[in-house]
Amino acid sequence: FIQMLRSAKKRDVLQLLRRAPEEMLPFIVEAAVAAQSVASLAALSDFLDFSKEPKSLPEKFLYAAAFSPRPSGELLRLVLDKLDGKVLAPEVQETGIVAIGSLVSKLCQQKLCELQVVKRGTETILRGLQAAEEESEVVIYLLALGNAALPETIPTLLDHAEEGPTTITSTAISALQRFPAQHISSKVKRAMRRIFHEKRKSYEKTCRLAAAEILLDNEPSPMDVINILLATNEMETEAATFLLLKVQNSLRANHHPARKIMKDIMRDPRINNYNFFSKTGISSSFSGPLTVTQDLLSTFGLDLLFLEGGFLRKSVSDFSLLSSGQRLHAAQVTVEAQGMESMVGENVLEGEEEPELMAGMSAIFFDVQLRPIVFFRGYTDLMAKVLLSSGEPTSVVKGNFLLMDHHQVIHLQSGLQVAIKLQGGLGLDISADMDVSVWEQELKTSINTRGSLAIDFQAELDAPFLQATLRSQTEVETSIQFDTMLRFSGSPVLMCLQLREENVPYR
């Protein structure tokens, strides 16, 4: 369908969009974005009206643009023009901002950072961040900077990490975690030390732990590792348990940049002893390999951070690919619940700000940060969701995206030439649900991820006396469901975690 659209004229694509049945429209919009021909982009420009209902169509367009493997400057210009100076639905506006960040990053990877439209995209994010007044707005612009991963924006992220309230500090540190090791400079590390060791002010535990992770994951100095380990003696049980498990994980992982330093430090009995490593919290951190080949390492990680009373504060499940020193977040889903202490009668630690009651989720797929989903914010909102719950899960992202699009002509020594075409498409459907029962005193969360990947490879030899074509098609489907159930009617709080994976058909 994409190949057909690439050879179509603007009027044909526009006619197709206008006459298509409603249920087919999203698919055609996604294919037109993937085609990225002058005609298909011009047709989309005429057809899409962001101010009209339904909001789902502009969102489909924006996510398809964000996932585009090799976007053009014209695609970024179209996104910017559609968002510029218009009053839009919050979902569309937020999706558009994170999409701009992704497009800027991918154009810079193609050595197109100097294009005027790329500079305009970067300025749009930075201007929006400066003008943002609401905390939720600031968060979206920081996520866009994380998607863009431009080294020149690191000072801005550091300012927000050190000076902002908890949500903004946490988002800014998460954005910094997405930068490659060469950009985590001594200045960044000094700021992370100040946050972890609370030199200027108190920080919430998730912010301190994220700062420690940056220090541990980016060529740490022996002194940093020792200071982090020593600090666990002063931390509450759950945070200390989580951090010590992170250190132990890095010792087990052959690919971890800190492994050698950790091994050297562990030879010191003053550090490697029962007093340090006997913390008895229920928080956990695990990571291990799924596939190991000569060129590729794929890993799965699951972090669970609990509050002292047994309430889940944050869970992160992560599937990553590592190859030639590069890391790709294939999928990372984070579920957070804060301010729950007051519901179970816990006190906030001295010096920490009282967190707002909130639960939400954010996801990264193929290095693209999606718009975060908020299940509820504040006690009134929670009660409204409990009483008016539709029982329908919230859709996080749903659509078809082109992930690979490669065309190359190889000249053989014989004088003949071979044309190689490779295309890969991803169908993705992620939904999340949170159900709170005040009467039963139960909290349930469910994340359902369904995906299918199709790869089409073709090699064609075309000569006056010989024609040969080699073609291969691969398809794989998978479905993973992650459920948590929490009962806080008694003490200790009871929790059940369940990860279900259906059979994976591979053709």
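**Salt bridges in the predicted model**

A search of the whole structure identified 27 salt bridges, a salt bridge being a side-chain nitrogen of Lys or Arg within 4 Å of a carboxyl oxygen of Asp or Glu. The structure is a predicted model, in which local features need pLDDT of at least 70 and side-chain atom pairs count only at pLDDT 80 or more, while totals for chains, interfaces and linings use all residues. Residues are numbered from 1 along each chain as its sequence is written, and side-chain values use heavy atoms, with hydrogens and water left out.

One of these pairs joins Arg 193 and Asp 224, with an N to O distance of 2.7 Å. Arg 193 belongs to helix α12 (residues 186-196) and Asp 224 to helix α14 (residues 222-231), so the contact ties together parts 31 residues apart in sequence; helices (H or I, at least four residues) and strands (E, at least two) are DSSP runs, numbered from the N terminus. Asp 224 is buried at 7% relative accessibility, whereas Arg 193 is partly exposed at 29%. Buried denotes under 20% relative accessible area, exposed over 50%, and partly exposed the range in between (1.4 Å probe, protein chains only).

A salt bridge also connects Glu 336 with Arg 313, their closest N and O atoms lying 3.0 Å apart. Glu 336 is located in strand β4 (residues 326-338) and Arg 313 in strand β3 (residues 312-323), so parts 23 residues apart in sequence are tied together. Arg 313 is buried, with a relative accessible area of 3%.
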